[in-house]
Amino acid sequence: MLRAPLRRLWLTLHRWIGLTLGPLLALTALLGAVLVVALPLDRAAHSELFVAHSNSSAAPAPLEPLRQRLLAEFGPDTNLTLRPPRQPGDTLWVLVRGPWDGTLYLDPATGAEQGRRGTHEGAYNLLFELHSSLLLEDTGKGILAIAALAYLFLLVTGVVLWWPARWPPSLRIVLNRGLLRGLFDLHRTGGAVLGLLIAVSVFTGAYMAWRPLGGFISTALGQTPAKAPVVPKGTATGPRLPLDDLVARAQAVFPGQPIGYVQVPGRADRPLRVRFRLADDPHPNGIGSVWVHPVTGELLGVRRWQDMDTGNGAVAVIYPLHTGVLGGVVHQAVTALLGLTLAGLGLSGVWLWWRRRAVAAAARSQALSRGTAP
């Protein structure tokens, strides 16, 4: 049992950190829960973007004419990331980063554009950007990482305040003594019982949002964080090889393995990266990679996810763990439920603080009225 002064200290820390960052955590968690459902709804509502018009058995169109066409529209320094179809009938996605940021949806057999959306265009994209960066890019990701660390502190202080003097603890939730008591029990017991599961979701989200965290973890373990290969100086002159040839050279390293992404840099002094969805890679997009010199076609590096340092290689598991795809539909449902629970903890904490202040103020006012009455 905590002594009264120490308990008041823990309670004060828990209260004010929760009031400061609790609403932000609640908003982010609620958005995460909504995204689990919004993704299939978005695809159903905008099938023209996700379902190819041509026959799914048709041979894919060559990539080099597509690259030339896109650079002519968006500029020679534009970075392109191609996402090949994952299932028969899917469109080819091209993520554009340049004068215009967004995604093009193309028929993979003809290269014809079926539609496009800007990074913040559409309900799903807007929700995703709010959830992942608060629409503030890297600044927002840093803020969310700080909020995640604050949640871990809230979890510790909450468990300390909940810790019972006798075991086993009582997990009873009283709902017949008014809303204030019922909400307090739900906040207290829900945080204690589900806190660790929610912490997994919060930590994995912070890990993906703030990429330097992986490097810090590897450094703390005495490992050297992995860095992508670079194009040797003085070798980036001359015309680039056709994109199809560069991808074929990468595929020769992992023959027959599906491609997750083809990252095409706008500058010739940066390597082309092809990410593969290898059979032993838990990441749904694959992080096993091959880097190719864009001018000479030389292989600059090959790396499987197991070969990476702990901090950066862990994303292969952390990403599907956070999004819920690691365990299928059941895992996604649990992920959404935990998001709703965290949102409820944040909002209920704020409401409990406000309501108790209102009740205390009313009691003081009533006592003063009785004291001054004739």
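A cavity is a set of grid points where a 1.4 Å probe fits but cannot get out. By this rule, the predicted model contains one cavity of 30 Å³ or more. The volume of this largest cavity is about 50 Å³. Its lining consists of Glu64, Arg67, Arg240, Leu241, Pro242, Leu243, Leu246, Val264, Pro265, Leu272 and Pro294. At least two of the lining residues are supplied by each of helices α3 (63-74) and α8 (243-251). By residue class, the lining of the largest cavity comprises eight nonpolar and three charged residues, with no polar ones.

The protein as a whole contains eleven helices and eight strands. Its C-alpha trace extends over about 95 × 50 × 35 Å along the principal axes. Of the 374 residues, 40% are classed as buried.

Open space was examined through the second largest pocket, which holds about 840 Å³. Helices α1, α5 (137-162), α6 (179-209) and α11 (328-372) are the elements that each give two or more residues to the lining of this pocket. The greatest contribution to that lining is made by α11, with nine residues. In total, 30 residues line the second largest pocket, and those nearest its centre are Leu11, His14, Leu161, His187 and Gly349. The lining of this pocket is made up of 16 nonpolar, nine polar and five charged residues.

Three residues of the patch, its largest share, come from helix α1 (residues 4-45). Leu9 is located in this helix; with a relative accessible area of 46%, Leu9 is therefore classed as partly exposed. In an α-helix there are 3.6 residues a turn, so residues three or four places apart point the same way.

Side chains of opposite charge can pair when their charged atoms come close. Seven salt bridges were found in the whole structure. In one of them, between Arg117 and Asp42, the closest N and O atoms lie 2.9 Å apart. This pair connects distant parts of the chain, Arg117 being in strand β4 (residues 113-118) and Asp42 in helix α1, 75 residues apart. Both Arg117 and Asp42 are buried.

A further salt bridge joins Arg116 to Glu113, with a distance of 2.8 Å between the closest N and O atoms. Arg116 has a relative accessible area of 31% and is therefore partly exposed, and the value of 37% for Glu113 places that residue in the partly exposed class. Glu73, Glu113 and Arg116 are linked in a salt-bridge network. The salt bridge between Asp269 and Arg267 has its closest N and O atoms 2.7 Å apart. Asp269 is partly exposed at 36% relative accessible area, and Arg267 is likewise partly exposed, at 39%.

Two other helices provide local detail. Ala123 lies in helix α4 (residues 123-133) and counts as exposed because its relative accessibility is 59%. A separation of 8.7 Å is found between the C-alpha atoms of Ala123 and Ala38, which are 85 residues apart along the chain. In helix α10 (residues 315-323), the buried residues include Val315, Ala316, Ile318, Pro320 and His322. Following α10 is Gly324, which has a positive phi near 95°.

Definitions and conventions. Residues are numbered from 1 along each chain as its sequence is written. This is a predicted model: local features need pLDDT of at least 70, side-chain atom pairs count only at pLDDT 80 or more; totals for chains, interfaces and linings use all residues. Side-chain values use heavy atoms; hydrogens and water are left out. Helices (H or I, at least four residues) and strands (E, at least two) are DSSP runs, numbered from the N terminus. Buried means under 20% relative accessible area, exposed over 50%, partly exposed in between (1.4 Å probe, protein chains only). On a 1 Å grid over the protein atoms alone, a cavity is a set of points where a 1.4 Å probe fits but cannot get out, and a pocket is an open set with protein on both sides within 12 Å along at least five of seven lines; lining residues have an atom within 4 Å of a point. Grid points are joined across faces, edges and corners, and a volume is the space filled by probe spheres set on the points. Ala, Val, Leu, Ile, Met, Phe, Trp, Tyr, Cys and Pro count as nonpolar, Asp, Glu, Lys and Arg as charged, and the others, Gly among them, as polar. A salt bridge is a side-chain nitrogen of Lys or Arg within 4 Å of a carboxyl oxygen of Asp or Glu.
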